[in-house]
Amino acid sequence: MPDSQPKSQTELIDFGSETAPARLSYVERVVHGGVSVSRCTLQPNARTEIGATQFAVAIHEGPPIDMEWRLPDAREIERRRIVSGNLHITPGDQPVFLRWTSLPSLLVIAIEQPFITQVLGEAFDGKEPTFRTQIGIHDPVIDGMTAAWRRELAERGAGGRLYTEGLGSALAVHVYRTYGDGLSRPPPVIGGLGALRLRRVVDYIEAHLADDISLRDLAAQAGLSTHHFGEAFKASTGTSPHRYLVERRIRRAKELLLGAEQSIAEIALSVGFASHSHFTDNFRRMTGTTPSRFRIDRS
């Protein structure tokens with residue numbers, strides 16, 4: 001039977017705010033531009049209609065919980081045990097009736113509406129599809145992306161803004177392609193950037209290795225949308241913009257390590273790493289050795 005009791009209240013969580021609402025506790029959090037990634041815990045919810053001010057994907061990470069919900073266009077309440085890896089996908093500003101009694105642990109990717117509007121406009125030729133809220137589903141593609149989000153939370157690696165924005169764009173396009181209202185998939189990029197565009201992008205990266213480069217910055221150099229730029233760059237180079245940026249930073253760091261003028265900490269900052277430890281972690285991952293060992297072996 002339909003739940004006939006009146007709704008008590010509505011709550012929208014702003015995952016872009018530095019201040020967490022009383023219902024939510026942040027464990028870890030990274031924010032780059034219009035994309036935030038957080039690991040958090042929610043308090044029990046008896047009857048509140050709850051949602052986010054942003055487009056949000058929430059992935060369960062803890063023990064199973066029993067959840068009840070009713071979608072906005074439905075009359076019946078649904079009930080299901082939600083297990084680790086199940087996820088909820090909600091458009092911004094669309095609360096849903098939910099009820100649970102435990103303390104769920106979540107990984108939440110929240111994307112501001114201006115970012116979504118730009119990405120979808122570029123990906124769907126100026127049209128912005130809509131999609132219905134999804135509760136307790138399993139999505140293998142998002143499973144793969146989740147591992148990347150978790151690494152970013154744990155490592156805060158080099159090129160974090162570029163990496164996070166790229167993942168956010170891919171996530172948004174995947175969700176609207178898969179759960180949207182039937183807009184056709186845009187054609188794949190063929191042929192890459194072309195020599196002149198690629199040279200402009202590469203020169204920009206070389207001149208700004210120490211800066212917090214965004215996907216939009218690089219797309220502007222190529223005169224393309226951020227969505228099409230990422231695909232075209234990979235078609236031209238065989239790697240993602242973020243991976244290329246980190247590789248160039250490591251190569252430049254190797255050149256500087258051959259000299260004795262700068263300390264390793266100074267080199268780390270000069271090529272865009274946030275700290276000595278982030279530099280060392282990325283250097284070891286890409287070369288198999290540490291910056292200090294590299295310098296000693298070649299002295």
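Pockets and cavity in a predicted model

User: Which residues lie nearest the centre of the largest pocket?
Analyst: The model is predicted. In it, 21 residues line the largest pocket. Those nearest its centre are Gly166, Leu167, Ala170, Gly230 and Ser240.

User: Which element gives the largest share of the lining of the largest pocket?
Analyst: The elements that give two or more residues to this lining are helix H2 (140-155), helix H3 (160-179), helix H6 (226-237) and helix H7 (241-257). By class, the lining has nine nonpolar, nine polar and three charged residues. The largest share, nine residues, comes from H3.

User: How many charged residues are in the lining of the second largest pocket?
Analyst: This pocket holds about 330 Å³ of space, and 13 residues line it. Nearest its centre lie Tyr163, His242, Arg243, Asn282 and Arg285. H2, H7 and helix H9 (276-287) each supply at least two lining residues. Beside four nonpolar and four polar residues, the number of charged residues in the lining is five.

User: What volume of space lies in the largest cavity?
Analyst: A search of the whole structure finds one cavity of 30 Å³ or more. Its lining has 20 residues, with Leu42, Gly51, Ala58, His88 and Leu98 nearest the centre. The space in this cavity is about 290 Å³.

User: How many nonpolar residues are in the lining of the largest cavity?
Analyst: Strands E4 (49-52), E5 (55-60), E8 (87-90), E9 (96-99) and E10 (105-111) each supply at least two residues of this lining. By class, there are no charged residues and four polar ones, and the nonpolar residues number 16.

Technical notes. Residues numbered from 1 in each chain as written. Predicted model: local features only at pLDDT ≥ 70, side-chain atom pairs only at ≥ 80, totals over all residues. Heavy atoms only, no water. 1 Å grid on protein atoms, 1.4 Å probe; cavity = no way out; pocket = protein on both sides within 12 Å on 5 of 7 lines; lining within 4 Å. Helix = DSSP H or I, 4+ residues; strand = E, 2+ residues; numbered from the N terminus. Nonpolar A, V, L, I, M, F, W, Y, C, P; charged D, E, K, R; others polar. Points joined across faces, edges and corners; volume = space filled by probe spheres on them.
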